[in-house]
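Good morning, and thank you for the time on today's agenda. I would ask you to look at the structure on the screen while I go through it.

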Amino acid sequence: MSRIDSLVEELDQTAARLRAGELEGDEAAAAVERCAELASRVGAELDLQARAAAVEEPPGQEKLL
């Protein structure tokens with residue numbers, strides 16, 4: 001499982017707990033903050049992957065000297 005997949009899985013589980021209404025006050029607030037943190041980390045990971053893919057040369061392309 002990739003890092004992004006594990007972050008998304010945790011985000012889904014936390015969001016499901018919020019939707020289920022099983023958390024009270026402080027727990028719900030902490031879960032909302034955790035969801036925001038996880039979403040930010042997923043975005044950062046996706047950005048890193050996109051930048052890495054942009055740096056790689058397309059197949060069949062050569063660098064000009």
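Let me begin with the chain as a whole. Buried residues make up 15% of the 65 residues in the protein chain. Please bear in mind that this is a predicted model. The chain holds two helices and zero strands. Of the contacts with a separation of 6 or more, 57% are accounted for by residues 24 or more positions apart.

I turn now to the helices, one by one. Helix H1 covers residues 3-20, which is 18 residues. From its first C-alpha to its last, H1 reaches 26 Å, close to the 26 Å expected at 1.5 Å a residue. Which residues of H1 are buried? They are Ile4, Leu7, Thr14 and Ala15. These residues cover an arc of only 100° around the axis, which puts them on the same side of H1. As a general point, an α-helix has 3.6 residues a turn, so residues three or four places apart point the same way. What covers the buried residues of H1 includes helix H2, residues 25-55.

Helix H2 has 31 residues. Its reach from first C-alpha to last is 46 Å, close to the 45 Å expected at 1.5 Å a residue. The buried residues of H2 are Ala31, Cys35, Leu38, Val42 and Glu45, and what covers them includes H1.

Between the two helices there is a loop, and two residues deserve attention here. Just after H1, Gly21 takes a positive phi of about 75°. Leu23 has its place in the loop between H1 and H2. Is Leu23 buried or exposed? With a relative accessible area of 13%, and with the limit for burial set at under 20%, Leu23 is buried. Leaving out residues up to four places away in sequence, Leu23 touches Arg17, Leu18, Ala28 and Ala31.

Next, the packing of the helices. Two packed helices are described by the angle between their axes and the distance between the axes. Here the axes of H1 and H2 come within 9 Å and cross at roughly 155°. Why are H1 and H2 described as roughly antiparallel to each other? Angles over 145 degrees count as roughly antiparallel, and the crossing angle of H1 and H2 is roughly 155°; the two helices are therefore roughly antiparallel to each other. The crossing of H1 and H2 is left-handed.

Which residues meet across this pair? On the H1 side they include Arg3, Ile4, Leu7, Leu11, Thr14, Ala15 and Leu18. On the H2 side they include Ala28, Ala31, Cys35, Leu38, Val42, Glu45 and Gln49.

Thr14 lies in helix H1 and is buried, with a relative accessible area of 12%. Leaving aside neighbours within four places in sequence, Thr14 is in contact with Ala31, Cys35 and Leu38.

Two of those partners can be followed back from the other helix. Ala31 has its place in helix H2 and, at 9% relative accessibility, counts as buried. With residues up to four places away not counted, Ala31 touches Thr14, Leu18 and Leu23. Ala31 and Ala15 are 16 residues apart along the chain, and their C-alpha atoms are separated by 7.8 Å.

Cys35 is also placed in helix H2. At 14% relative accessibility, Cys35 counts as buried. Residues up to four places away aside, Cys35 touches Leu11, Thr14, Ala15 and Leu18.

Finally, Glu45. This residue lies in helix H2. Glu45 is buried, with a relative accessible area of 16%. Not counting residues up to four places away in sequence, Glu45 touches Arg3, Ile4 and Leu7.

To close, I return to the overall picture. This predicted model has two helices and zero strands. H1 and H2 are roughly antiparallel to each other, and their crossing is left-handed. Thank you for your attention.

Conventions. Residues numbered from 1 in each chain as written. Predicted model: local features only at pLDDT ≥ 70, side-chain atom pairs only at ≥ 80, totals over all residues. Heavy atoms only, no water. Helix = DSSP H or I, 4+ residues; strand = E, 2+ residues; numbered from the N terminus. Expected span 1.5 Å × (residues − 1). Buried < 20%, exposed > 50% of the residue type's maximum accessible area, 1.4 Å probe, protein only. Arc of directions from axis to C-beta. Contact = heavy atoms within 4.5 Å. Axes fitted to C-alpha atoms, helices over the stretch in contact; angles between N-to-C directions. Parallel < 35°, antiparallel > 145°, perpendicular 65-115°, else oblique. Left-handed = near helix turned anticlockwise from the far one by under 90°.
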